[in-house]
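Please open the structure in your viewer and keep the selection panel at hand.

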Amino acid sequence: MSRITAPDRVQRILAVIPWIVQNPGTPLTEIAERFGLRKEDLRKDLELVFYGVGLYPFTPDVLVEVSFDNDCVTVNLAEYFHRPVRLTHEEALTLLAGGRAVLGRDGSDPEGVLRSAVQKLSAVLGEGEVSAVEVALGPADPGILQVLQQAAEANSVLALSYFSYGRDQATDREVDPYSVLSRDGHWYLLAYCHLMDAERLFRVDRVQKAQLTGDSFEPPDSISQVEATLSGTSRSVELIGPESISWVADAYPYDVFEQNPDGTVRLVLPVTATPWLERLLLRLDPSTVATDGLSGESLNRVRSAAAQRILNRYLPT
Amino acid sequence: MARVERLLNLVAALIDTTTPLTAEQIRIRVPGYPNAESGQSDAAFHRAFERDKESLREVGIPIETVEVHHFEQPRAAYTIIRDSYELPDLGLELDELAALHLAATMIQAEGLDPDDLEEGLRKLGGLASTAAASAAPVGAVPMPPQLLTLFACTLERRVASFEYEGAPRQVQPYRLEYRRGHWYMTGFDLDREAQRSFRLDRLTGQVDSGAADSYAVPDVIEGVLLRQWEIGTGEITLARVLVDSEIAPAVLAEDPDLRVAETRPDGSLVLELDVRNPGGLRSFMMNFLDRAEILSPEEFRQDLETWLSSFVSTQAESPA
């Protein structure tokens, strides 16, 4: 018997028994497979129910009757255990959120099977007209997402045209796609980038084109996923400004976030690229003092130059 | 595994009974409890019974406690009400069960026990998808504890009380949405007498829930507003924004529902935005630096020029 606590085993038995009651004569092997159980465990569960469960005063008419006929199981019992227990909130949330998340992807349910399953689940949970839970995994072109997923599965090298907001330009590169995943509301491609000679995370909504090159690659044994995001940044910026700039701490990873007694806040955060820094500085209150984290130099000039560049578009020509 | 049998018999007895049973009645009807004949104390029985009740409630079995008055003194008695215990038949076809299994496997519910998925599926009729065993997760969605309480409130229409941005709130939750990496709850804020959205990671402390079925959910609910220029109570002003061709695909990929009024021959786009919050528009424009421009109205152009000029003049004052 696999190690399992008594309440968990009770939960399992109460979920499986009603199905067996309603589907008499099903082979034990088939039941075990359907419920993801080992056959020996299932048999022990049934024996336990057979020998030990009933109603006071435990006369034969209130005992559970389990019969094995050529390994086919039939269970007869009184009125109890005819239906499984209602879903717990954890179970309902896992199923509903999973279903809604997948439905939110274009082309994920061509036959409408999942949609009707989620509707049935929703009806039983008493959701009503307005769905209680909606999950958006992130914006992504379904065509590109599909190409990336297929390439990752088949170990096919891809040619990408990728727009980097950090550098503000699209570049062409070849990558070995490892996996496609949604994190924090965005889709990412984890891949080995031939241009950078390193593993990188690519935002799928910034992949403008993806094509198979026809080459394939050897997938590595292990993938160092976490470090892939912010590697290669040694620059940092220190910001001191009014309380209104605190939103920065919510929006970006930071190294330091302090609230000073005089009501100002101090933040130190890594800088990924100059355009990123410019657009951050231009969104902060003009009284904010920004300095380079390493040299301690004022970044006023960077900020001013960026502002002037934009202003040039607005000047009469 | 005598305790498994005892627990199962306890559940059967509480479902079967037409009147709630007191602890003493349960001790007689359910075998396996410490009893007087074998010299075990009442205290040992009560400890075992309390533990059993708690264990069963933890796995989702709704044991009700009621007070009965047919003794000299009122006593607690227990029952399981069939309607709150039994899961109605969803009528799922096997392929629907498989689709649900596969979908829920592909999404990692971070913070929930993976066993919850299997347990839920068993109640619905089994683990029907063979593809699920080898399916790679395509997405991870965090499921913080507050979400679970708010989910229960939303389904059961219970008022949720919590602290948000330093102030206590009482809200009738309508919907939970996961957007751009954050959970939001939209509902009717009873103190402010208006519909509001709350970001779950800004809730502090625990969420308390009120009585069930205490309000009705409207038929139509506006979603969470994520576009910064749309958040606000001001009148709508239509703004036209030019986006250069180099960044146009990236802008549309990020928000595919943006209204494109015009695509110019060079590939640049004119977007139409409904602006309630000019500060939000300015912040949005800064994403594009000098690759985008507000075309109209003039007052928004002016506002942006004033904002940018304040940075330029700051530099003029500092020593070069």
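Predicted model: local features only at pLDDT ≥ 70, side-chain atom pairs only at ≥ 80, totals over all residues.

**First stop: the core.** Select V204(A) and V11(B): these residues have the most contacts inside the largest nonpolar core, which has 161 residues. A nonpolar core is a set of buried Ala, Val, Leu, Ile, Met, Phe, Trp, Tyr and Cys residues joined through C-beta atoms within 7 Å. A residue is buried if 20 or more other C-beta atoms lie within 10 Å of its own, exposed if 12 or fewer, and partly exposed in between, with C-beta atoms placed from the backbone. The largest share of this core, 9 residues, is supplied by α1(B). Helices (H or I, at least four residues) and strands (E, at least two) are DSSP runs, numbered from the N terminus.

Residues are numbered from 1 along each chain as its sequence is written, and chains are lettered from A and ligands numbered from 1 in the order in which they are written.

Now display the surroundings of V11(B). Leaving aside residues up to four places away in sequence, V11(B) touches L14(A), L56(B), I61(B) and I80(B). Such a contact requires C-beta atoms, placed from the backbone, to lie within 7 Å.

**Second stop: where the chains meet.** Colour the two chains separately. Chain A contributes 96 residues to the contact and chain B contributes 94. On the side of chain B that touches chain A, helix α1 (residues 2–16) of chain B gives the largest share, 11 residues. That side of chain B comprises 51 nonpolar, 25 charged and 18 polar residues. Here Ala, Val, Leu, Ile, Met, Phe, Trp, Tyr, Cys and Pro count as nonpolar, Asp, Glu, Lys and Arg as charged, and the others, Gly among them, as polar.

Next, select residues 133–135 of chain A and 167–179 of chain B. These are strands β4 of chain A and β7 of chain B, which run parallel and are joined by 3 bridges; two strands pair if DSSP finds at least two bridges between them. V133(A) has L176(B) as its bridge partner in β7(B).

Select helix α5 (residues 113–125) of chain A and helix α5 (residues 94–106) of chain B, whose axes come within 8 Å and cross at roughly 90°. α5(A) is therefore roughly perpendicular to α5(B), a term for angles of 65 to 115 degrees, whereas those under 35 count as roughly parallel, over 145 as roughly antiparallel and the rest as oblique. Axes are lines fitted to C-alpha atoms, for helices over the stretch in contact, and angles run from 0 to 180 degrees between N-to-C directions. By class, this contact has 8 nonpolar, 1 polar and 3 charged residues.

In chain A, find the open sheet of 4 strands in the order β11-β12-β10-β13, with antiparallel pairing. β11 (256–259) and β13 (289–292) of chain A stand at the edges with a single partner strand each, so one side of each has no neighbour in the sheet. From one strand to the next, the twist averages 15°.

Finally, turn to chain B. How many residues of strand β2 (residues 63–68) of chain B are buried? The count is 0 among its 6 residues, so to speak a strand that is hardly covered.

How values were computed
Contact = placed C-beta atoms within 7 Å.
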